[in-house]
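Good morning, and thank you for coming.

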Amino acid sequence: MDTLFWRLKDENLLPRKYFEVDFPMIVARKIHNIKSKPPLSKPIMESHSGDSLLIDSHSLDSSRYSIVGADLRFSSDLEEKLKKHSLDVHLPTLLVAECVLVYMTPQQSASLLKWAASTFPVAMVINYEQVNMRDRFGQIMIENLQRRQCNLAGVELCTSLESQKERLLENGWENARAIDMMKVYSFLPQADVKRIEALEFLDEKELFEQLMQHYCICWASKDSSNLGLANIDF
Ligand SMILES: C[S@@+](CC[C@H](N)C(=O)[O-])C[C@H]1O[C@@H](n2cnc3c(N)ncnc32)[C@H](O)[C@@H]1O
């Protein structure tokens, strides 16, 4: 379950509307969890206003939270479903992908990114996923995932920070930047670093650092209203 909506709500940082998209089967499981767990359903009810809340086994649409079952490889179906849930493409929009493009072929992720760039005039995209996958450690990660029937069809674009940025620039996005998670870690407040490093799983510091060097955050924007999105940095 992605808890971002609930964390934003707790911190009073909800956007005008938060959309989550996943395969219909996964969405059905998430909706079941939301329905059966008051700490998940209550914040959705509390933030809802207006017409009655729509909920069935494959979608849920409230005024501030919407979850849609769709395959991201088919953007016209995706767009139709999002618009049914009152997506306003003219509002400044933040698109977040967490280890999802890597499951698509390079052509499929390119077409999704192109669709997003041409649909949202003012937007930022943030992609969190693997990087440096051509080295020995990356190859072991791929083999481990393959053993669990997880095929990374788009892994060739996870070769370097450059290849991650290029994909965004080639598909309609501007001002692309990328940093690996080791760099992100070095920017964390020292109190957080101390707390994290006291955790047991960090006994193997070298392994942790290698893992962090194999994930990155890459972001880019489109800013027809000159909001200054290009200046957003880490
Ligand atoms: C690493 S998980 C991210 C999980 C998400 N942040 C969460 O906590 O639920 C990647 C997700 O992408 C979804 N996914 C992969 N390919 C997809 C596609 N073509 N269309 C829709 N969802 C997809 C998977 O089902 C999985 O839930």
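I begin with a pair of helices: Asn33, Ile34 and Ser36 in α2 meet Pro38, Leu40, Ser41 and Ile44 in α3. Contact here means heavy atoms within 4.5 Å. Helices (H or I, at least four residues) and strands (E, at least two) are DSSP runs, numbered from the N terminus. By class, the contact of α2 with α3 has four nonpolar, three polar and no charged residues. Ala, Val, Leu, Ile, Met, Phe, Trp, Tyr, Cys and Pro count as nonpolar, Asp, Glu, Lys and Arg as charged, and the others, Gly among them, as polar.

Before I continue, a word on the model. This is a predicted model, in which local features need pLDDT of at least 70 and side-chain atom pairs count only at pLDDT 80 or more, while totals for chains, interfaces and linings use all residues. Residues are numbered from 1 along each chain as its sequence is written, and side-chain values use heavy atoms, with hydrogens and water left out.

Two packed helices are described by the angle between their axes and the distance between the axes. The axes are lines fitted to C-alpha atoms, for helices over the stretch in contact, and angles run from 0 to 180 degrees between N-to-C directions. For α2 (residues 24-36) and α3 (residues 38-47), the axes come within 5 Å and cross at roughly 85°. Therefore α2 is roughly perpendicular to α3; angles under 35 degrees count as roughly parallel, over 145 as roughly antiparallel, 65 to 115 as roughly perpendicular and the rest as oblique.

How do the axes of α4 and α5 cross? Helix α4 (residues 75-84) and helix α5 (residues 106-119) have axes that come within 10 Å and cross at roughly 40°. That makes α4 oblique to α5. Ser75, Leu78, Glu79 and Leu82 of α4 make the contact with Leu112, Trp115 and Thr119 of α5. These residues divide into four nonpolar, two polar and one charged.

I turn now to the cores. A nonpolar core is a set of buried Ala, Val, Leu, Ile, Met, Phe, Trp, Tyr and Cys residues joined through side-chain atoms within 4.5 Å. Buried means under 20% relative accessible area, exposed over 50%, and partly exposed in between (1.4 Å probe, protein chains only). The largest nonpolar core has 24 residues, and those with the most contacts inside it are Leu78, Leu112, Trp115, Phe120, Leu168 and Trp173. Two or more residues each come from α4, α5, β6 (122-130), β7 (174-180) and β8 (215-223). Helix α5 gives the largest share, five residues. Apart from this core lies another, of 23 residues, among them Cys99, Val102, Met182 and Phe208.

Finally, some single residues. Most residues other than glycine have a negative phi. Cysteine 99, in the loop between β5 (93-98) and α5, has a positive phi near 50°. Is cysteine 99 buried or exposed? Cysteine 99 is buried, with a relative accessible area of 19%. Asparagine 175 lies in strand β7 and also has a positive phi, near 55°. Asparagine 175 is partly exposed, at 37% relative accessible area.

Methionine 124 lies in strand β6 and is buried, with a relative accessible area of 8%. Methionine 124 and phenylalanine 137 are 13 residues apart in sequence and 31 Å apart in space, C-alpha to C-alpha. Thank you for your attention.
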